[in-house]
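Visitor: I'm new to this one. Could you show me around?

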Amino acid sequence: TQLQKRLVECVGKAPFTGRVLGINAAIKDYGRDFGEEGLVFQPGRGPLMIVADTSRIRIIANFFETAVALIETGQRAEVQAEHVPDEVFEGKVTSISQVGHSHGQASTVSVEVIVDNSRGLLKPGLTAEVRIVVARKDAALSIPARFLRSSEAGYSVRRKCESGSERITVEIGISDRDFVEVLSGLEPGDEVVMER
């Protein structure tokens, strides 16, 4: 029939294999087509659907300017998303914005990270946490960051001793949110105590 022939001609092909991310409801116009109830597409209202290759996901993360000073293209990134809580995805920094965005007294800079999503677990448009590895040491003496105190004189911790505890000055190295490398002032086996 004429309707079947028209339907065959309406089949569209995407230029690449991908996933349908959305269908444009505004393009549909229900009306009479060949004397029967049918669906008439209105091309002037935009594309029928959005198809994307999601095997690699582009993530834009905002970092404070002090952190951006340590970030370079090519560095490894770790991504965690709330909608896939038990997975850590590997990524790589591909670009760093040259323009900062002011937020009161602090500024942030956008960093682009490309993440492997070949298993299709990450969903476009959802939020994620991005950690960029700016330095790594496989064997380092470290303490929990919450034990460290800073002052004009430098950094210090309280070390356990026979009389209780004593404050000692330490030199620190690389750190993350949870742990700080100790370059000098402590020896392996020393115990530190929380400041009261």
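Guide: Let's start with a term: a residue is called buried when its relative accessible area is under 20%. Keep in mind that this is a predicted model.

Visitor: What share of the residues in the protein chain count as buried?
Guide: The cut-off to apply is under 20% relative accessible area. The chain has 196 residues. The share of them that counts as buried is 23%.

Visitor: How many helices and strands does the protein chain have?
Guide: Both kinds of element turn up here. The tally is two helices and 15 strands.

Visitor: Which strands stand at the edges of the open sheet?
Guide: Five strands make up this sheet, in the order β5-β8-β7-β6-β9, with antiparallel pairing. Neighbouring strands in it are turned by 35° against each other on average, ignoring direction. An edge strand has a single partner, so one of its sides is left without a neighbour in the sheet. That picks out β5 (56-64) and β9 (128-132).

Visitor: How many bridges join β7 to β8?
Guide: Strand β7 covers residues 84-103 and β8 covers residues 106-116, and the two run antiparallel. In this pairing, His103 stands opposite Ala106 in β8. The number of bridges joining β7 to β8 is nine.

Visitor: Is Glu78 buried or exposed?
Guide: You'll find Glu78 in strand β6 (residues 76-81). Leaving out residues up to four places away in sequence, Glu78 touches several others, among them Val88, Phe89 and Glu129. Its relative accessibility is 17%, and the cut-off is under 20%, so Glu78 counts as buried.

Visitor: Which side chain does the side chain of Glu78 make a polar contact with?
Guide: The contact spans 3.3 Å. The partner is the side chain of Arg76.

Notes: Residues are numbered from 1 along each chain as its sequence is written. This is a predicted model: local features need pLDDT of at least 70, side-chain atom pairs count only at pLDDT 80 or more; totals for chains, interfaces and linings use all residues. Side-chain values use heavy atoms; hydrogens and water are left out. Helices (H or I, at least four residues) and strands (E, at least two) are DSSP runs, numbered from the N terminus. Buried means under 20% relative accessible area, exposed over 50%, partly exposed in between (1.4 Å probe, protein chains only). Two strands pair if DSSP finds at least two bridges between them. Axes are lines fitted to C-alpha atoms, for helices over the stretch in contact, and angles run from 0 to 180 degrees between N-to-C directions. A polar contact is a pair of N or O atoms within 3.5 Å; within protein, one must be able to donate a hydrogen and the other to accept it, and residues adjacent in sequence count only if both atoms are side-chain atoms. Contact means heavy atoms within 4.5 Å.
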